[in-house]
Structure formats: C-alpha cells, structure tokens
Amino acid sequence: MRRRFPALVTAVIAAMVAVLLGPNTASAAWPVIANGDSGAQVTTIQHLLNHRGYATAADGQFGPTTEAKVSAFQSANGLTADGSVGPLTWPKLVATVQSGSTGNAAKAAQTQLNRHGYGLVVDGDFGTASTNAAKDFQSKHGLTADGIVGSNTWNALVGASGSGGGGTSRAQLAASIDANSRISLLTYHVSGVVDADSTAQANITDTKNGTTAETSNYSDVGEREVWLSTAMLNGMLKLATERGYTFLVTEIAGGDHSSNSNHYKGIAFDADNMSVSNATFVSACRAYGATEALDEGNHVHCAWQ
C-alpha cells in the first residue's frame, strides 16, 4: 500500500513542477457538439456556418436545421456528413480573426471569449477590447499573446471549460469530475471485496491530488500504481458537462477484470445508473474518442487509448 503524501506537500510539489515546466501548452480536445445541444458552443458554430456561407439562425439551439447546415458544410469539405461538429470538423470550420476583423467569424470569437468571462459586446467588430481579451486569454493558456485567434487559440477556446470551470491537466480534470454533481463515484467495489484505496472515488481523489491511482489488491494484477488517462477523464467529464448525462462510475482502475483489461492500464471506466440508455451512452463515449465502448447489460464499459 502506498505511503500517501499530505495534500499540502502534493500541492507544493505540483506548484514547483508548474514553475519549472512553464504554462501548459498541450492542445485541448476539440469538443463534439451535436443535435440537441444548446448554449455558447452552438452559437459559435452557427456564427461560423454563417461565415462560411451556410445561413443559420444564431439562436444557440442545435436542431435539425443546424444539423443539416453542418452536414452540407461537411460534404463540401470532404468530411463524413454526420451533422455533428467534432475534432475533424472544427479545424475546417473556424477562421482566423484578428484586430480589424468584422462579421460572423468575429462574432464567433467574441462569443467564445465571453464563454470565458470577458463580457464583450458580440457585434462582429473585433476591435481593441476584443483583441485585448484574446491576448489575455492566450497569455493564461500558454499561447503566443498576439491577439490573433488562429487554430491553436480556437482549439483552446472551444476545448476548455468556460469561466470558473476546471482545466485540462490530469489533476484538474479529476477535480472537475469530483465536483460535478452529474457524476457519482462509487466508494466500494461491486464485487463486495473491501479495498478502499482502489474504489472509483479513491482513484479520482488520488488523481486530483496529483498522484497515481491504484488497482485492487485482489485483482489479477494485484496492487499496482497507474496514471489515469487524460483522454478518458476528459471523455468522462464531457459526458456530464456537454451531453448533460448523469451516471455512476462503478470502477476505474480498481475491481476484478480480465487479466488484460484496460482498467488496469488506467484507460477505462464502467458506468451504471445512466440518465440515458446504454446504447446512447456507448455512442457518446465513442463520439468522445473511446476506442472500446461496450454495453455489458448491467453497465457500460468505455476505454480510451
């Protein structure tokens, strides 16, 4: 069993590492926005569709009309016309915006900056206030603070949580998961065997404290330390924040699974008590990058590489 560091010591070590490594410049995950979604992400897409010549009401509601416009844009750009805006569609849809830019692309950038708390007037005139907001956002996200909203800045804007909501590091994602009221974390094992250090709750708590998660001492691989995958954590979080699903995470790295299970690699979780059907949950996991998403009858299993 590991010797656990006090939270203060962990925080100090994390701060020292942050100073040594500098700002986190890793790319955020492009979100998947689809029919039924609403809010600023949808409004952004609608402004960008208008910029690209696909007339769409910027009402923040992703309905059949917006889906049809997205499908038409995808077809015209050599993409699979599934009507959802994901990692392949976003890069082709966004447009460079900078000081002096006007029109719908500027409105889209202003909408995203407001999602991060900048309080701009969304008038399509990317002037001094908008440029300064972009520079401030870039500075805080480890990007070149030139005020030009290009591909990397778009990626950070749409891929990160809005103001007041988490971040993209492993610990930040785990903290956001732990704080999200739509995600419940089991504090015991479905097997009934007691190993409190490897429950779903313990795995997330350890991860948000900057340490590894544990597999169960009664599992096929015994007690082992693993880092939880950021891709998996990001997918888990987006199921709640972007899709609005409520669900119970029953196991992550812990529990007893097949000897070669992805759980033991820290890249899989099991979910139960979902607010949607198993089939819908499986489909959503795949939309967020899961390479293994299975309806196991009494639960859903999702894994990332």
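Residues are numbered from 1 along each chain as its sequence is written, and side-chain values use heavy atoms, with hydrogens and water left out. Because the model is predicted, local features need pLDDT of at least 70 and side-chain atom pairs count only at pLDDT 80 or more, while totals for chains, interfaces and linings use all residues.

Student: How many salt bridges does a search of the whole structure find?
Tutor: Side chains of opposite charge can pair when their charged atoms come close. A salt bridge is defined here as a side-chain nitrogen of Lys or Arg within 4 Å of a carboxyl oxygen of Asp or Glu. Under that definition, the number found in the whole structure is three.

Student: Which helix holds both Lys140 and Asp136, and what is the N to O distance in their salt bridge?
Tutor: Helices (H or I, at least four residues) and strands (E, at least two) are DSSP runs, numbered from the N terminus. Lys140 and Asp136 are four residues apart, so about one helical turn separates them in helix H6 (residues 128-140). Their side chains meet with an N to O distance of 3.1 Å.

Student: How many residues apart in sequence are the parts tied together by Lys208 and Asp178?
Tutor: The side chains of Lys208 and Asp178 form a salt bridge at 2.6 Å, N to O. Lys208 belongs to helix H9 (residues 200-208) and Asp178 to helix H8 (residues 170-179), so the pair ties together parts whose separation in sequence is 30 residues.

Student: Is Lys238 buried or exposed?
Tutor: Lys238 forms a salt bridge with Glu242, with the closest N and O atoms 3.0 Å apart. Buried means under 20% relative accessible area, exposed over 50%, and partly exposed in between (1.4 Å probe, protein chains only). Because its relative accessibility is 6%, Lys238 counts as buried.

Student: What is the relative accessible area of Gly297?
Tutor: Gly297 is placed in the loop between strand S6 (292-295) and S7. Its C-alpha atom is separated by 9.7 Å from that of Asp272, 25 residues apart along the chain. Gly297 is exposed, and its relative accessible area is 55%.
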